[in-house]
Amino acid sequence: MFDSHLPINASRESTASTQSGYLMLVVSLVLFLAVAFWVVTLASGDPGPGTVLAFLAFIVPAIALQVLILSGFYMIQPNQAAAITLFGSYKGTDRTAGLRWVWPWMGKTKISVRSNNVVSEKLKVNDLRGNPIEIATNVVWRVADTAQALYDVDDYKAFVNVQIEAAVRSIGSRYAYDDVEDAEVTLRGSHEEVNAELRTELIARLHVAGLTVDECGLTHLAYAPEIAGAMLRRQQAEAVIGARRKLVEGAVSMVEMALSQLSEKNVVELDDERRAAMVSNLMVVLCGERDTQPVVNAGSLYQ
């Protein structure tokens with residue numbers, strides 16, 4: 001089955017043919033002074049029919065030209081642009097800040113190219129392992145192509161919000177919230193990788209609207225309330241296991257060092273049975289959660 005729908009005609013920004021408004025302002029002032037001069041001249045004397053006809057022949061086109069000039073003025077602030085159209089046809093974009101002028105029958109649509117900041121709402125997403133999590137992000141975006149933003153999407157600001165939600169859901173489902181062994185990229189432990197992929201995903205989604213993303217990052221990341229308690233207990237158990245593992249590794253190395261130095265310096269000779277007892281006692285002392293109470297043996301070593 002073939003798709004018979006026509007593809008969208010992608011727009012591309014181009015430079016509009018406009019003029020500085022200051023030059024046209026000077027022309028407007030000259031016309032105003034000329035009209036004022038004629039009015040003062042006629043009011044101060046007794047003009048004849050020829051002078052009156054000459055005044056009318058000048059004043060009518062001068063006023064029409066003045067209205068034409070005044071209708072073409074517009075201003076652009078820094079980091080602002082104006083899309084110029086002629087009877088619905090896009091003729092280019094003017095990004096020059098200041099007082100500008102264009103023919104009055106040409107349309108002017110202003111659009112901001114400044115950076116915008118959007119903090120998304122908290123979304124509930126299932127991560128890679130199927131655990132429900134809450135996730136939110138902060139996105140700094142701006143308009144890169146004014147023609148695409150104005151004419152290729154209906155409302156580019158609403159388009160941004162929808163695509164941010166879609167991208168966050170996509171990224172949240174690609175990775176696990178956390179990894180015990182730290183052997184894979186996770187949402188909680190790999191901020192730079194996740195943020196970079198989220199930015200790449202958003203740029204690809206917003207390209208059709210002529211928008212780009214300067215930076216983005218997760219602002220909220222947590223397990224969903226229904227599993228938060230269970231996951232907290234799991235994390236506590238993992239922390240206890242990790243601490244125990246480190247404690248045992250340290251205790252074993254200390255016992256090895258003690259036995260090695262006792263043997264090298266000939267402090268005491270221990271048979272296998274007493275060596276095992278010493279290792280057991282040292283491990284209890286080093287790995288115990290409470291302070292140990294020593295027992296002093298006043299007799300021989302084997303009593």
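Leaving aside neighbours within four places in sequence, Q148 contacts S11, R12, V153, H207, V208, A209 and G210. Q148 sits in helix α3, residues 146-151. The model is a predicted one. Its protein chain carries seven helices and ten strands.

**Chain overview**

- The protein chain has 303 residues, and 31% of them count as buried.
- Take the contacts between residues at least 6 apart in sequence: 69% of these join residues at least 24 apart.

- Q148 has a relative accessible area of 6%. The cut-off for buried is under 20%, so Q148 is buried.
- The contacts of Q148 include S11 and R12, and also H207, V208, A209 and G210.

**Helix pair α4 and α5**

- Helix α4 covers residues 156-174 and helix α5 covers residues 191-206.
- Their axes come within 9 Å and cross at roughly 140°. That angle makes α4 oblique to α5.
- The crossing of α4 past α5 is right-handed.
- On the α4 side, the contact is made by F159, V160, Q163, I164, A166, A167, V168, S170, I171 and R174.
- On the α5 side, V194, E197, L198, E201, L202, R205 and L206 take part.
- By class, the residues of this contact divide into eleven nonpolar, two polar and four charged.

**Three-stranded sheet**

- Three strands form an open sheet in the order β1-β5-β2, and their pairing is antiparallel.
- β1 (19-20) and β2 (73-76) are the edge strands. Each has a single partner strand, so one side of each lacks a neighbour in the sheet.
- β5 spans residues 98-101 and is joined to β1 by two bridges, the two strands running antiparallel.
- S20 has R100 of β5 as its bridge partner.
- As background, strands of a sheet pair through backbone hydrogen bonds, either parallel or antiparallel.

- β3 (residues 80-86) and β4 (residues 89-94) pair in the antiparallel sense, with five bridges.
- A83 is bridged to T93 of β4.
- The two strands β3 and β4 make a hairpin, with two residues between them.
- F87 lies in the turn and has a positive phi of about 50°.

How values were computed:
Residues are numbered from 1 along each chain as its sequence is written. This is a predicted model: local features need pLDDT of at least 70, side-chain atom pairs count only at pLDDT 80 or more; totals for chains, interfaces and linings use all residues. Side-chain values use heavy atoms; hydrogens and water are left out. Axes are lines fitted to C-alpha atoms, for helices over the stretch in contact, and angles run from 0 to 180 degrees between N-to-C directions. Helices (H or I, at least four residues) and strands (E, at least two) are DSSP runs, numbered from the N terminus. Angles under 35 degrees count as roughly parallel, over 145 as roughly antiparallel, 65 to 115 as roughly perpendicular and the rest as oblique. A crossing is left-handed if the near helix is turned anticlockwise from the far one by less than a right angle, and right-handed if clockwise. Contact means heavy atoms within 4.5 Å. Ala, Val, Leu, Ile, Met, Phe, Trp, Tyr, Cys and Pro count as nonpolar, Asp, Glu, Lys and Arg as charged, and the others, Gly among them, as polar. Two strands pair if DSSP finds at least two bridges between them. Buried means under 20% relative accessible area, exposed over 50%, partly exposed in between (1.4 Å probe, protein chains only).
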